[in-house]
Amino acid sequence: MATTEHVVIVGGGLAGWRAAEELRAAGFDGRLTLLSDEQHPPYDRPPLSKRLLKADVEASPIHLAREGSDEQTLDLDLRRGVRATGLKPGVVLTADAAGAQGEVSYDALVVATGVRARELPALSGHPRVHLLRTFDDVLDLRRSLDTAQSLLVVGAGFIGAEVATAAHDRGIAVTVIEALDVPYQRTLGEDLGGIVGRMARRYGVALRTGTGVDELIDSTESVHVRLSDGTSIEADIAVVGVGTVVNVEWLQHPATEGATGWEAGVTCDGAGRALGLDASFGRVYALGDVAAWHDASHDRHLRFEHWTTAVDQAPVLARALVRDLAGESAEPVEPLLPYFWSDQFGRKVQLLGRPGLADSVEVLHGDEAADPDEPAPRKLLAGYFAGDQLVAVAGISAPALLGRYRGVLAEGASRERVRALAAEIAG
Ligand code: FAD
């Protein structure tokens, strides 16, 4: 007999859509509702800063539905243009595009509201200044790129680097400014960040590090800004890529506030059950960019804005939720291995593991100096260590090599063991 429980998923991005698919795959046969504040059917974001910025590629969203899985086959009530505005025990408060308010009651709630692009107050709200998070952002940015001759990118993170690459490939003069001394200093560290910075310059992008935007001088005919180093810079348009903010404000009910510290993401156990909520809220889960799951291998709550994290978490959460509803005991869960990729300056940059935990970095394969005439190292791989333990590897144009380190990463191998593997591979 079918269950009568109602699972409500809030957020129609990758995490929300995959949660719906995996809940059905895990045998959930009750009511399933997905609230999405966007008007488009759930679509994929990585192409937004890559393929969809190319001049010769048609701008249409790439839908997430796997073959044979759509609203009908999933028996999913997908409500587009409906925003969750608040949470009461057992009830999600909503507003639609016309402002009409409503309530949706749940037996289990899945929070998948992701993150939004962080705004830079000095540049916020100006038509020549773009953020990049949604398909509608891409449509706006493409219109601007079609006529721009110069672009200022604020922030040399992954989004900034990918936009800079796409704009440069369209023949636009690109300047990237970065507040830190090297790009990705906090994610990749000084050495690899420095290499990516040199990759950007050799590709033809002007990169200025150690400076940020202080003030907007004018934005009528161009974006003219004063920088913190006292100089000024002018470009036809600007793209701001200075990080993200987690979409958790709608969860700030008085009973949830303070108990959770969710401003840095919804803290969850290793299967996506939200922690720190008053029991009256019932079964609440979270996954994807908005969620910080417990990672048993390091006994920490870690949040990743990685495509594969949302995909890997969905079946784990779905199985846990179905068991919880059935009153069955929890299954043991294996920690997931985070993975991220980015296509920039003609190279694929990949990250496996948790570089944020590292205190030292060691280049294991490749040597930038060996390829002085190349725009970027042909192949390079670095290991990230917390003390003696390998916690991450990052590669430039080295997908096969990266895969060879999956096993030692999962087992948290020592430096000696990692060096031995590097010698064996090189050997
Ligand atoms: P999101 O995709 O952000 O989806 C959340 C959804 O919830 C959104 O539709 C949002 O509008 C909606 N929402 C928010 N608040 C509410 C509310 N109150 N009510 C209803 N709906 C709400 N990752 C990689 O690993 N490699 C890449 O190369 C890569 N490239 C990227 C390029 C771009 C331009 C972007 C933006 C991201 C990229 N990512 C990449 C990250 C990856 O896309 C994300 O990790 C993934 O989209 C996370 O999915 P999510 O569903 O958790 O969040």
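This is a predicted model: local features need pLDDT of at least 70, side-chain atom pairs count only at pLDDT 80 or more; totals for chains, interfaces and linings use all residues.
Residues are numbered from 1 along each chain as its sequence is written, and side-chain values use heavy atoms, with hydrogens and water left out.

H4 covers residues 158–169. Helices here are DSSP runs (H or I) of at least four residues, strands (E) of at least two, numbered from the N terminus. Among the buried residues of H4 are Phe158, Glu162 and Val163. Just after H4, Gly171 takes a positive phi of about 90°.

I turn now to the sheet. Three strands form an open sheet in the order E13-E14-E15, with antiparallel pairing; two strands pair if DSSP finds at least two bridges between them. The edge strands, E13 (213–218) and E15 (232–235), each pair on one side only. Strand E14 (residues 223–227) and E15 are joined over four bridges.

Finally, the ligand. An oxygen atom of the ligand is 2.5 Å from an N or O atom in the side chain of Asp37, a polar contact being a pair of N or O atoms within 3.5 Å. A polar side-chain atom of Glu38 lies 2.6 Å from a ligand oxygen atom. In the shell around the ligand, strand E4 gives the most, with three residues.

How values were computed: The expected span of a helix is 1.5 Å times one less than its number of residues. Buried means under 20% relative accessible area, exposed over 50%, partly exposed in between (1.4 Å probe, protein chains only). A polar contact is a pair of N or O atoms within 3.5 Å; within protein, one must be able to donate a hydrogen and the other to accept it, and residues adjacent in sequence count only if both atoms are side-chain atoms.
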